[in-house]
Amino acid sequence: MGFAIATGSQAVQPVINLGATESFAVLAGSGITNTGPTTVSGTAGGDMGASPTTSFTGEADVTTTGTKHTAPAAVVDGAKDDLVLAYDDAAGRIPAETVSADLGGQTLTEGVYNSESSLGLTGTLTLDAENNPDAVFIFQAGSTLTTASASKVALINGAQACNVYWQVGSSATFGTTTDFVGHVFALTSITANTNATFQGQLLARNGAVTLDTNTITNDLCAEVTPTPTETTDTGGELPNTDTTDWLVPLTLGLAFVVVGAGVLIARRKRN
């Protein structure tokens, strides 16, 4: 397994416009199948649906804060249209840095990462935002995306799941107990094996999404409050309103002036 840190040559990337897909935690082209209790939620939305094949097998075992679409719906069709746009946007981002087929053990900073064939994850991939909460990470897989059991994507130094994107040229398969992060755009299908958890979305353009006792949290980016900085008053007044910072030096200065004047007067009287 290699260890890599992105170089400074990576261009700053804007976020990918999700459009109507934003509220969908799960979106498919040829139906959704679920086995076991699956939980879907998130501040962006917990909607689920498929188009043009609208089947949803096992939907009774899914608990979601959004809407489970089990019949044709214009909102699902619109989300599928915007998924195509988001997928194409992610696939076309440049410049891209080539990465090894297995991302395990690597630490990457913001940028675009590409593998002309497959991408895999065995172990932990760390995404480092370098204290920039707007840092965007885009991964392009020419064919499949596959994670081993118990693999993980870790976020450090302000990285946010809402700014991580995975464009997959065919299908994505997540091993049992995988802890994954980001918006997954798969051209074909997505399979989430038992107890895999996700911070983001599972969006399959043409194929099915298969779930098995998963937790999917589709959150918006957290609002980051800027740290207030001290300003300098250039209007001629004292720049700091804290009297303890200037009253003591001023008092001492006046005392020296008074003492000095007293000494001078005393000398003149002696003369």
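**Figure 1. Overview of the chain.** The chain folds into two helices and 19 strands, where helices (H or I, at least four residues) and strands (E, at least two) are DSSP runs numbered from the N terminus. This is a predicted model, in which local features need pLDDT of at least 70 and side-chain atom pairs count only at pLDDT 80 or more, whereas totals for chains, interfaces and linings use all residues. Residues are numbered from 1 along each chain as its sequence is written, and side-chain values use heavy atoms, with hydrogens and water left out. Of the 271 residues in the chain, 42% are buried; buried means under 20% relative accessible area, exposed over 50%, and partly exposed in between (1.4 Å probe, protein chains only). Among contacts (heavy atoms within 4.5 Å) with a separation of 6 or more, 58% join residues 24 or more positions apart. The accessible surface is about 13100 Å², and carbon and sulfur atoms provide 56% of that surface; the areas come from the Shrake-Rupley method with a 1.4 Å probe, and for residues only the protein chains shown count as cover.

**Figure 2. The salt bridge between Asp 88 and Arg 205.** The structure holds three salt bridges, each defined as a side-chain nitrogen of Lys or Arg within 4 Å of a carboxyl oxygen of Asp or Glu. In this view, the side chains of Asp 88 and Arg 205 meet at 3.5 Å, N to O. The pair links distant parts of the chain, 117 residues apart: Asp 88 belongs to helix α1 (residues 74-91), and Arg 205 to the loop between β17 (197-204) and β18 (209-212). Asp 88 is partly exposed, at 43% relative accessibility, while Arg 205 is buried, at 16%.

**Figure 3. The salt bridges of Arg 93 with Asp 89 and of Lys 68 with Glu 59.** The side chains of Arg 93 and Asp 89 are 2.7 Å apart, N to O. Arg 93 is buried, with 11% relative accessibility, and Asp 89 is partly exposed, with 29%. Between Lys 68 and Glu 59 the N to O distance is 3.2 Å. Lys 68 is partly exposed at 26%, and Glu 59 is likewise partly exposed at 27%.

**Figure 4. Phe 139 in the largest nonpolar core.** A nonpolar core is a set of buried Ala, Val, Leu, Ile, Met, Phe, Trp, Tyr and Cys residues joined through side-chain atoms within 4.5 Å. The largest one has 44 residues, of which Phe 139 and Trp 166 touch the most other members. Beyond its neighbours within four places in sequence, Phe 139 is in contact with residues including Leu 103, Leu 108, Tyr 113, Val 164 and Trp 166. A second, separate core of 17 residues includes Leu 27, Ala 86, Ala 90 and Val 136. In soluble globular proteins, nonpolar side chains tend to be buried together.

**Figure 5. The surroundings of Thr 178.** Thr 178 lies in the loop between β14 (172-174) and β15 (179-186) and is buried, at 0% relative accessibility. Its side chain makes a polar contact of 2.9 Å with the side chain of Thr 147. A polar contact is a pair of N or O atoms within 3.5 Å; within protein, one must be able to donate a hydrogen and the other to accept it, and residues adjacent in sequence count only if both atoms are side-chain atoms. Apart from neighbours within four places in sequence, Thr 178 also has contacts with Ala 148, Ala 150, Ser 151, Asn 195, Ala 196 and Thr 197, among others.

**Figure 6. Leu 85 in helix α1.** Leu 85 is exposed, with a relative accessible area of 57%. Leu 85 and Ile 16 are 69 residues apart in sequence, and their C-alpha atoms are 9.4 Å apart in space.
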